[in-house]
Amino acid sequence: MPIPIERNELDRMFARCPELFIHAWPIDAGVDRRPFAERSIVQHRAMFEHFRRHLLARGTSVASFGTDDIEAFWQTTEAKTYSQATRMRYVKLLDRLCRHLVFAGVREDNPAAGLLASVRWPEEEPTPQYLDATTDQRL
């Protein structure tokens, strides 16, 4: 359960270490200012960590990545298998991340903003897929 932190304190924390963003951010970043469900927080943290590791491998950070880094992420072996819905979730996560970091003064731009127009939720419900225990542990 995230610990409530004052907004100004969060912004100072993000300025010092943007990678900490995901550990405090979900407390007030849900839809319509309602907190995310615990399952969504776990999913967002796993997605963020996966993207953050991609950035580290490319020699960049949450504070400085660009559209080229996002495009390279989509070309990874794992990301090529993502469903339309999963890609949409990533784009929304990256957009929220960048918007907040711009607001906090950590970033000057939002490289994910332009992607919102190019992705959309699938028209039909996909067949649910469940992770095997090994993959679930890894995430």
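The model is predicted. It contains 7 aromatic pairs, and ring pairs join Phe51, Phe65, Phe73, Trp74, Tyr82 and Tyr90 into a cluster.

**Aromatic pairs**

- Phe73 and Tyr82 form a tilted pair, because their ring planes stand at 50° with the centres 6.3 Å apart.
- Phe73 and Tyr82 are both buried.
- Trp74 and Tyr90 form an edge-to-face pair, since their planes stand at 90°, with 6.2 Å between the ring centres.
- This second pair links distant parts of the chain, with Trp74 in helix α4 (residues 67-74) and Tyr90 in helix α5 (residues 84-103), 16 residues apart.
- Trp74 and Tyr90 are likewise both buried.

**Charges over rings**

- Trp74 also has Arg87 over its face, at 4.0 Å from the ring centre.
- Phe65, a member of the ring cluster, has the charged end of Arg107 over its ring, 4.6 Å from the centre.

**Contact between helices α3 and α5**

- The axes of α3 (residues 38-57) and α5 come within 11 Å and cross at roughly 80°.
- Helix α3 is therefore roughly perpendicular to α5, as angles of 65 to 115 degrees are counted in that class.
- On the α3 side, the contact is made by Gln43, His44, Met47, Phe48, His50 and Phe51.
- On the α5 side, Thr86, Arg89, Tyr90, Leu93, Leu94, Arg96 and Leu97 take part.
- The residues of this contact comprise 7 nonpolar, 4 polar and 2 charged.
- Phe51 and Tyr90 belong to the contact and also to the aromatic cluster.

Definitions and conventions. Residues are numbered from 1 along each chain as its sequence is written. This is a predicted model: local features need pLDDT of at least 70, side-chain atom pairs count only at pLDDT 80 or more; totals for chains, interfaces and linings use all residues. Side-chain values use heavy atoms; hydrogens and water are left out. Rings of Phe, Tyr and Trp (its six-membered ring) pair if their centres lie within 6.5 Å; planes under 30 degrees apart count as stacked, over 60 as edge-to-face and the rest as tilted. Buried means under 20% relative accessible area, exposed over 50%, partly exposed in between (1.4 Å probe, protein chains only). Helices (H or I, at least four residues) and strands (E, at least two) are DSSP runs, numbered from the N terminus. A charge sits over a ring if NZ of Lys or CZ of Arg is within 6 Å of the ring centre and within 35 degrees of the ring normal. Axes are lines fitted to C-alpha atoms, for helices over the stretch in contact, and angles run from 0 to 180 degrees between N-to-C directions. Angles under 35 degrees count as roughly parallel, over 145 as roughly antiparallel, 65 to 115 as roughly perpendicular and the rest as oblique. Contact means heavy atoms within 4.5 Å. Ala, Val, Leu, Ile, Met, Phe, Trp, Tyr, Cys and Pro count as nonpolar, Asp, Glu, Lys and Arg as charged, and the others, Gly among them, as polar.
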